[in-house]
Amino acid sequence: MSAIRDAAPAPGEDRAALRGDCGNCFGLCCVALPFAASADFAVTKDAGTPCRNLREDFGCGIHAKLRDRGFSGCTVYDCFGAGQKVSQVTFGGRDWRSAPDTSRQMFEVFPVMRHLHELLWYLTEALTRTEARPVHADLRRMLEETEALTRGDAASLAALDVAEHRQKVNALLLRTSELVRAKAGRKARNHRGADLMGARLRRADLRGANLRGAWLIAADLSGADLRGADLIGADLRDADLAGADLTDSVFLTQPQLNAAKGDDATKLPPALTRPAHWKRTKRADGA
């Protein structure tokens with residue numbers, strides 16, 4: 001069992017506590033969340049009902065074959081470490097099977113914690129941006145406030161107005177984005193919330209672009225230059241990122257990458273990993 005972090009993450013340090021650790025979780029995403037039969041899920045499941053593939057030890061019985069079995073949606077999801085926080089901190093290691101009286105509140109708290117941990121991910125990234133130094137003090141205070149909320153008891157978490165807190169955090173994230181994107185040195189494109197589904201953006205120069213909340217489903221972004229582009233909330237499902245440069249993109253997350261398509265020529269920010277299902281470019285020797 002890996003240790004659970006006791007303090008807020010410092011700027012630039014490893015974000016291990018903000019990544020899902022299934023070994024320290026009671027399979028909360030497999031129980032608390034609902035899903036409907038679709039291209040992402042082979043069956044329909046109600047919130048609070050254990051997935052049929054969840055084992056007694058809270059592991060997944062088809063983890064290595066999720067995509068083959070029609071559960072690609074599971075490979076996209078990441079809780080940002082909320083699962084282990086709720087399991088090991090909020091409920092002190094008591095699981096919903098052995099302590100069924102905790103189940104209702106545990107499943108209610110989990111999505112709240114997930115929202116808070118996602119905000120911690122963004123705030124931690126913002127504090128690594130030297131361009132955002134003018135707001136670092138405010139970002140640090142907000143990170144500490146958010147971390148303190150995650151340490152509350154189950155009742156206070158369930159009663160939390162997540163939307164109100166997210167609004168406060170977002171004001172600082174917007175300012176961070178403006179400061180980072182300004183280094184592009186030119187008037188960048190503003191595609192905030194734009195419908196770019198299926199758009200042909202192959203090799204597009206999107207340096208410093210505002211793509212917050214943009215619909216980029218199945219868009220062709222192969223070879224695109226997305227350095228410094230703000231991608232917070234952008235829907236990248238089935239977007240082609242083969243050969244794209246995302247090295248300095250702003251507020252990109254692992255779930256967004258997991259939902260997209262790419263290859264080993266796609267350049268990623270150092271805090272993120274290349275999804276296992278992405279294709280590999282064949283070398284000259286055929287490997």
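User: Where does Gly 61 lie?

Analyst: Gly 61 sits in the segment before helix H1 (72-76); helices are DSSP runs of H or I with at least four residues, numbered from the N terminus. This is a predicted model, where local features need pLDDT of at least 70, side-chain atom pairs count only at pLDDT 80 or more, and totals for chains, interfaces and linings use all residues. Residues are numbered from 1 along each chain as its sequence is written, and side-chain values use heavy atoms, leaving out hydrogens and water.

User: Why does Gly 61 count as partly exposed?

Analyst: Its relative accessibility is 48%. Buried means under 20% relative accessible area, exposed over 50%, and partly exposed in between (1.4 Å probe, protein chains only), so Gly 61 counts as partly exposed.

User: What makes helix H2 mostly covered?

Analyst: In H2 (residues 82-90), 7 of its 9 residues are buried. Among them are Ala 82, Val 86 and Thr 90.

User: Why is H2 called oblique to H3?

Analyst: Their axes, lines fitted to C-alpha atoms over the stretch in contact, with angles from 0 to 180 degrees between N-to-C directions, cross at roughly 125 degrees and come within 8 Å. Angles under 35 degrees count as roughly parallel, over 145 as roughly antiparallel, 65 to 115 as roughly perpendicular and the rest as oblique, so H2 is oblique to H3.

User: Which residues of H2 make that contact?

Analyst: Ala 82, Gly 83, Lys 85, Val 86 and Thr 90 do, where contact means heavy atoms within 4.5 Å.

Notes:
Helix = DSSP H or I, 4+ residues; strand = E, 2+ residues; numbered from the N terminus.
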